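Here are my notes on this one, written to be read with the model open beside you.

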Amino acid sequence: MLVDSRIRTVYAGRSGTDPEQEQLIQQLLASLGPEGIDDVLDGTCTLIYLYMKWLREAHEAHDKDVVEYVVPTLVTSLKMLPRSVPPQAVPTMAGLAVAAAIGLSPTLWRNQYGYWTEAELTPLEATAFLLAEHINRMTDDQNFATRMITEALTQVEARE
């Protein structure tokens, strides 16, 4: 929901976040507690994994390498956001994307480096956002990435 909300804000031509929306997000995160925050982080990593899986399959269908075509664009975009994405977080986000691109769990890949730092949280959100927006541009559909995740969740629920 957070990534979709951010995408809708950008597509609507608004800059920044709505203060009321930001307050609601902070209240939600505060209400989750430590385990809930871990779930949000794992969920964001899962989004990155699913987005990179889709991108990998789309690129392979055209005999292209997702790491070659997507990761440099992601890194360039992250570097253009120095107020939100500190330079030292860019390699971590690139590594996370590469791990997902080759089929590794971003959560498990990241766990080898210890717990998330506060400085990495916004870059993690930005990475998920940029990948979703990349998919939306590729498909020329502003809702494709959100719909893809919604359909995946629906399939999981149907199996249970």
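**Notes on the model**

1. Let us start with a loop: Asp-63 sits between α2 (19-60) and α3 (66-69). The phi of Asp-63 is near 55 degrees, which is a positive value in a residue other than glycine. Asp-63 has a relative accessible area of 76%, so this residue is exposed (over 50% is exposed, under 20% is buried, and partly exposed lies in between, with a 1.4 Å probe and protein chains only).

2. A word on the basis of these notes. This is a predicted model, in which local features need pLDDT of at least 70, side-chain atom pairs count only at pLDDT 80 or more, and totals for chains, interfaces and linings use all residues. Residues are numbered from 1 along each chain as its sequence is written, and side-chain values use heavy atoms, with hydrogens and water left out.

3. Now the overall picture. The protein has 8 helices and 0 strands (DSSP runs numbered from the N terminus: H or I of at least four residues for helices, E of at least two for strands). Buried residues account for 38% of the 160 residues. The accessible surface is about 9700 Å², with 56% of it belonging to carbon and sulfur atoms (Shrake-Rupley method, 1.4 Å probe).

4. Helix α5 deserves a look. Its 12 residues reach 16 Å from first C-alpha to last, close to the 16 Å expected at 1.5 Å a residue (the expected span is 1.5 Å times one less than the number of residues). Helix α5 is mostly covered, with 10 of its 12 residues buried; among them are Val-90, Met-93, Leu-96 and Ala-101. After α5 comes Gly-103, with a positive phi near 90 degrees.

5. Beyond its neighbours within four places in sequence, Thr-92 is in contact with Trp-109, Arg-110 and Glu-120. Ala-99 also lies in α5 and counts as buried at 3% relative accessibility.

6. What does Ala-99 touch, once residues up to four places away in sequence are not counted? The partners are Leu-104 and Trp-109. Ala-99 and Trp-109 are 10 residues apart in sequence, and their C-alpha atoms are 6.8 Å apart in space.

7. Next, a helix pair. Helix α7 (residues 118-139) and helix α8 (residues 144-159) pack at an angle of about 110 degrees, with axes 7 Å apart (axes are lines fitted to C-alpha atoms over the stretch in contact, and angles run from 0 to 180 degrees between N-to-C directions). The pair is therefore roughly perpendicular (65 to 115 degrees). On the α7 side the contact is made by Ala-132, Ile-135, Asn-136 and Thr-139, and on the α8 side by Phe-144, Ala-145 and Met-148.

8. Finally, the loop between α7 and α8 holds Asp-140. Is Asp-140 buried or exposed? At a relative accessible area of 74%, Asp-140 is exposed. Its phi is near 55 degrees, a positive value in a residue other than glycine.

Notes: Contact means heavy atoms within 4.5 Å. Angles under 35 degrees count as roughly parallel, over 145 as roughly antiparallel, 65 to 115 as roughly perpendicular and the rest as oblique.
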